[in-house]
Amino acid sequence: MYIKASASIRSNYNDISKLCKETGEPVYLTKNGEGDLVVMDITSFERRAKELRLAENLWEARTARLNGAKGHSIEEVRNMLTKTIEEVGKSK
């Protein structure tokens, strides 16, 4: 985790941008010693958004299955996973 004062974004934008891109991690900005903002590079943000959507979809599928929804065949699951893996791989 990287923490910087919010003033550093004005004076060190390029350094913070480089840090985000090199590490793939967000940088937490503080204002008056308190958390204020989080910045991250767009590639990492998009990857995390896709991972979150996948987690939500898996949770919905699990919940639906527990509530009696019809399942999928092994071949259907394999195809869905292959498609998802390809999408996540493109974002890296």
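In this predicted model, L19 touches Y2, K4, G24 and V27, with residues up to four places away in sequence left out of the list.

Helix α3 covers residues 42–66. At 1.5 Å a residue, its 25 residues should span 36 Å; the end C-alpha atoms are 36 Å apart, so the two values agree. Both ends of α3 carry local detail. At the start, a side-chain oxygen of D41 reaches to within 3.3 Å of the backbone nitrogen of T43. Just after the helix, G68 takes a positive phi of about 100 degrees.

Helix α3 also contributes to the largest pocket. Empty space of this kind is found by rolling a probe the size of a water molecule over the atoms. The largest pocket has a volume of about 590 Å³. It is lined by 19 residues, and L54, N57, L58, A61 and M80 are the closest to its centre. Both α3 and α4 (74–90) supply at least two residues of the lining. The largest share, 9 residues, comes from α3.

Definitions and conventions: Residues are numbered from 1 along each chain as its sequence is written. This is a predicted model: local features need pLDDT of at least 70, side-chain atom pairs count only at pLDDT 80 or more; totals for chains, interfaces and linings use all residues. Side-chain values use heavy atoms; hydrogens and water are left out. Contact means heavy atoms within 4.5 Å. Helices (H or I, at least four residues) and strands (E, at least two) are DSSP runs, numbered from the N terminus. The expected span of a helix is 1.5 Å times one less than its number of residues. A polar contact is a pair of N or O atoms within 3.5 Å; within protein, one must be able to donate a hydrogen and the other to accept it, and residues adjacent in sequence count only if both atoms are side-chain atoms. On a 1 Å grid over the protein atoms alone, a cavity is a set of points where a 1.4 Å probe fits but cannot get out, and a pocket is an open set with protein on both sides within 12 Å along at least five of seven lines; lining residues have an atom within 4 Å of a point. Grid points are joined across faces, edges and corners, and a volume is the space filled by probe spheres set on the points.
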